[in-house]
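Please walk me through this structure, from its overall contacts and helices down to the side-chain pairs that link them.

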Amino acid sequence: MQKLLIITIILVSGFTSAQTNYEKGMEKAFALWQDQKMDDAENMFERISNAESKEWLPHYYIAQINSIKSWNIKDDTILKAQLGKAQEHLNSAIILSAENPEILVMQAQVLTNWVAFDGMTYGMKYSGKITELYSKAEKLSPNNPRVMYCKAEWAMNSAKYFGQDTTPYCDAIEKSIKLFTNFKPESSLYPTWGKDRAEQGAKSCKE
């Protein structure tokens, strides 16, 4: 009985240590990112994703970093490398956490990078898919502020492109800000981004 108790303690201690190492690694990656060391943060997330094969969040953040880095890229070779890497890690995240609204939103963001880069080439190819991703995310998590804001932002930009009224989407952006204020992520490692973008979008609506 005593031996069994010792074995149990060892196993539990090992599990706790592994969890702590994962959390510490993620927090270090976030700190690097906050210090504008985006490449170092990405490398840290990659090391974590290799060590923690059952965790979807490291893959998610690698995709997000590559999406962010791609916004002002004009070189299609660089863009393809960055967005290709983002897609690779999104695919891994989807395998680990299917039907995840956060991953669906990030997938839509990555596809939007392509449309922003070359609307003539990628608009027809991805616009319908982006709308579909946001609709699916909304069904899964209607009160997720990133879902509401990003869906409204995409619809607003599409409306602007076609010269349509954007007022309904301004209302949705305002609503998303309230959701951001009250939103509680599942853990300190889960996505929390978007409120500043929503506030900027609401400000633009009033200009």
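The model is a predicted one, in which local features need pLDDT of at least 70 and side-chain atom pairs count only at pLDDT 80 or more, whereas totals for chains, interfaces and linings use all residues. Residues are numbered from 1 along each chain as its sequence is written, and side-chain values use heavy atoms, with hydrogens and water left out.

The protein has nine helices and zero strands, these being DSSP runs numbered from the N terminus (H or I and at least four residues for helices, E and at least two for strands). Its C-alpha trace spans about 75 × 40 × 30 Å along the principal axes. Of the 207 residues in the protein, 40% are buried, where buried means under 20% relative accessible area, exposed means over 50% and partly exposed lies in between, with a 1.4 Å probe and protein chains only.

With α4, helix α5 packs at an angle of about 165°, the axes being 10 Å apart; axes here are lines fitted to C-alpha atoms, for helices over the stretch in contact, and angles run from 0 to 180 degrees between N-to-C directions. The two helices α4 and α5 are therefore roughly antiparallel, given that angles under 35 degrees count as roughly parallel, over 145 as roughly antiparallel, 65 to 115 as roughly perpendicular and the rest as oblique. Residues of α4 including L79, L83, L90 and I94 meet residues of α5, among them I103, M106, V110 and F117. By class, this contact of α4 with α5 has 11 nonpolar, three polar and two charged residues, with Ala, Val, Leu, Ile, Met, Phe, Trp, Tyr, Cys and Pro counted as nonpolar, Asp, Glu, Lys and Arg as charged, and the others, Gly among them, as polar.

Helix α3 (residues 57–70) also packs with α5, at an angle of about 25° and with the axes 10 Å apart, which makes α3 roughly parallel to α5. On the α3 side the residues are Y60, A63, Q64, S67 and S70, and they meet E102, I103, M106, Q109, V110 and N113 in α5. The contact of α3 with α5 has five nonpolar, five polar and one charged residues by class.

How many salt bridges does the structure hold? There are 10, a salt bridge being a side-chain nitrogen of Lys or Arg within 4 Å of a carboxyl oxygen of Asp or Glu. In one of them, the side chains of K85 and E42 meet at 2.6 Å, N to O. K85 lies in helix α4 (residues 76–96) and E42 in helix α2 (residues 38–51), so this pair ties together parts that are 43 residues apart in sequence. K85 is partly exposed, at a relative accessible area of 23%, whereas E42 is buried, at 4%.

E102 and R146 form another salt bridge, at 2.9 Å from N to O. E102 lies in helix α5 (residues 101–117) and R146 in helix α7 (residues 145–161), so the pair ties together parts that are 44 residues apart in sequence. E102 counts as buried at 6% relative accessibility, and R146 is buried as well, with a relative accessible area of 0%.

Conventions. Contact = heavy atoms within 4.5 Å.
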